[in-house]
Structure formats: structure tokens, C-alpha cells
Amino acid sequence: MVSSAADAVKRLFAGPKPVAPARVPDGCVVYAVGDIHGRDDLLQQILGAIREDAQNLSEHATAVFLGDYVDRGPDSRAVIDRLIEASDDDTIQWRFLRGNHDQTVLDFLRNPMTGMAWSDYGGRDTMESYGVPPPPPWADSETWRLAAADFAAAMPLEHLNFFEELEPSCEIGDYFFVHAGVRPGVPLDRQSARDLLWIREPFLSDTASLPKVVVHGHTVTPQVHADERRIGIDTGAYASGVLTALRLCGDEGAIIQTGTGDTQKFA
């Protein structure tokens with residue numbers, strides 16, 4: 001089930017608006033999708049909801065995926081297949097950002113010894129989805145080298161290209177979309193690649209204003225977090241069954257989610 005449940009972001013979009021509220025360009029609707037983590041079943045639902053919603057609008061539609069497509073859930077390979085297939089639909093502009101787990105896939109292919117750590121936080125599930133038996137974390141370097149070679153052989157070229165072409169971030173209107181967040185005090189165009197993929201503190205708890213509202217995933221929360229600085233939409237889909245998409249149009253917003261059981265829109 002997919003529903004539009006806006007409770008968690010009312011603080012940002014409901015009630016009196018600031019003098020200059022954050023907005024996306026006129027004639028544009030943006031859907032930002034949180035961390036998928038191998039849940040192809042949920043991705044299928046969210047894509048269906050986005051397409052249906054976009055068909056009912058005259059605005060130009062852009063879908064921004066915030067990264068972490070793989071690991072932890074059971075169907076990482078199917079997720080990549082589905083996203084590649086979705087990008088063939090030219091009625092929507094598709095933007096795919098890089099998450100730390102996606103970067104780790106490339107790291108493993110280049111340096112097999114990173115597999116020991118990767119397997120502990122979701123890599124085993126990804127390897128298995130490509131039909132490659134993962135070694136135990138304590139396996140020797142030769143075993144990991146052979147596993148990385150098998151993984152590379154099992155990965156279609158279009159999947160490898162997908163991982164290599166992921167964007168570090170993107171900006172649309174007054175919003176900055178990124179996987180993890182940004183380092184306060186550093187201009188958005190000078191953020192380090194590591195911070196964009198991994199940062200939590202001091203980004204999460206800082207109170208200083210940012211040049212744009214940051215839309216991010218990476219840090220799991222039971223409900224969407226939204227304030228004047230940032231909107232966090234990683235609702236732990238791989239475990240919770242709730243995959244979240246944020247819908248932005250003008251200076252209005254809503255949430256599209258799987259598995260929430262109610263429907264609500266707001267201005």
C-alpha cells in the first residue's frame with residue numbers, strides 16, 4: 001500500500017510561511033526518494049505512485065533518488081534493474097545520487113579486502129543477490145580476491161555504469177539533495193565527497209542556517225524529520241517496510257510512503 005502521509009513535515013510546510021519560503025521552480029514537481037536498501041518490492045510501489053501522481057500534473061517532473069540502493073534488503077540486483085528500466089521513461093527526469101553503500105560496491109571491486117568490513121553491514125546480501133556466495137569476514141586475502149572477481153563477473157556492465165555514474169548531489173530551486181548531509185560552515189560547492197556520503201554530526205544537530213534546505217537520507221528516523229534546515233527521509237525501509245518519497249511543488253510539500261495505511265495531503 002502507498003499513501004500520502006504528511007504529519008512529519010507539517011512543521012515545515014503547514015501554517016504561516018516565512019517571508020521567502022523554500023520552493024522549487026515554477027512548473028516543476030520534484031520527488032525525492034529515500035534509502036531503498038535492496039527493497040525492490042517497496043521501490044516498485046513508490047515508482048508506481050510517482051508515475052501516477054506525475055501523470056495528473058502539468059508540471060515537469062523530476063525524481064531524485066538519494067542513494068543506498070543496495071545492501072541489507074534481499075533484492076539489491078533487482079533494485080538496480082528496476083531503476084535502470086525506470087530511467088528509460090523520458091516523461092520524468094531521473095537523478096540518481098551516490099550513497100555510502102553504493103560507493104562501497106565500487107570500493108570492493110577495486111580493493112577486495114574492503115569486503116571484510118562491507119559484509120558486516122549489508123554487503124553479504126548484495127553479493128547473494130548477484131548469485132555470489134560471500135566469504136566469511138575472516139577469510140584470507142586470496143579468498144576475498146576471488147570473491148571480488150566473481151562479483152565483477154556477475155555484475156552486468158549496465159549495473160557497473162550505473163554505480164560509476166551516480167551523482168554526489170544536486171540542487172533544484174532552494175533545495176540541495178544529497179545522501180548524508182553537509183558540513184556546516186562549508187560552501188555547498190566545496191563539500192568533501194566523504195561528508196556528502198557519511199556525515200551525521202555536526203550536520204544533524206547544528207542550528208545555524210544553511211544556504212539551501214538539505215534533503216537527505218542516511219540517518220534512519222521512524223518518521224520524516226523536517227525543519228527549516230533539513231528534511232531527512234530515510235525511514236529504514238529495509239526493516240520497517242516504509243519507503244519514503246518527498247513531493248515538492250512550488251512552496252508546498254507532501255510525503256508519499258509505503259505501508260503507512262492512511263492518506264493525507266497538505267498545503
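In this predicted model, ring pairs join Phe-65, Tyr-69, Trp-94, Phe-96, Phe-162 and Phe-163 into a cluster. The count of aromatic pairs comes to 11. The pair formed by Phe-108 and Trp-144 is edge-to-face, because the ring centres lie 6.0 Å apart and the planes stand at 90°. Since Phe-108 belongs to helix H4 (residues 100-110) and Trp-144 to helix H7 (residues 141-154), this pair ties together parts that are 36 residues apart in sequence. Phe-108 has a relative accessibility of 0% and therefore counts as buried, and Trp-144, at 0% relative accessibility, is buried as well. A ring also takes part in another kind of arrangement, in which the charged end of Arg-230 sits over the ring of Phe-203, 5.8 Å from its centre.

The buried residues of H4 are Asn-100, His-101, Asp-102, Gln-103, Thr-104, Val-105, Leu-106 and Phe-108, and what covers them includes helix H5 (115-118), helix H6 (123-129), H7, helix H8 (157-164) and helix H9 (193-198).

Strand S2 is mostly covered too, with six of its six residues buried. Cys-28, Val-30 and Ala-32 point one way from S2, whereas Val-29, Tyr-31 and Val-33 point the other way, and all are buried. In a regular strand, side chains alternate between the two faces of the sheet. S2 is joined to strand S3 (residues 60-65) and to strand S10 (residues 244-249), as set out below.

The chain passes from S2 through H2 to S3 in a β-α-β crossover that is right-handed.

The loop between strand S2 (28-33) and helix H2 (40-55) contains Gly-34, and His-37 is found in the loop between S2 and H2 as well. Gly-34 is buried, with a relative accessible area of 1%, and, when residues up to four places away in sequence are not counted, it touches Ile-233, Leu-243 and Thr-244. The C-alpha atoms of Gly-34 and Leu-243 are separated by 6.6 Å, although these residues are 209 residues apart along the chain. His-37 likewise counts as buried, at 3% relative accessibility. Leaving aside neighbours within four places in sequence, His-37 is in contact with Asp-68, Tyr-69, Val-70, Asp-71, Arg-72, Gly-73, His-101 and Tyr-238. Among these contacts, Tyr-69 is also a member of the aromatic cluster, and His-101 is one of the buried residues of H4.

The bridge partner of Ile-172 in S6 is Tyr-175.

Notes. Residues numbered from 1 in each chain as written. Predicted model: local features only at pLDDT ≥ 70, side-chain atom pairs only at ≥ 80, totals over all residues. Heavy atoms only, no water. Helix = DSSP H or I, 4+ residues; strand = E, 2+ residues; numbered from the N terminus. Buried < 20%, exposed > 50% of the residue type's maximum accessible area, 1.4 Å probe, protein only. Contact = heavy atoms within 4.5 Å. Pairing = 2+ DSSP bridges. Phe/Tyr/Trp six-rings, centres within 6.5 Å; stacked < 30°, edge-to-face > 60°. Lys NZ or Arg CZ within 6 Å of the ring centre and 35° of its normal. Right-handed = clockwise from strand over helix to strand, strands pointing away.
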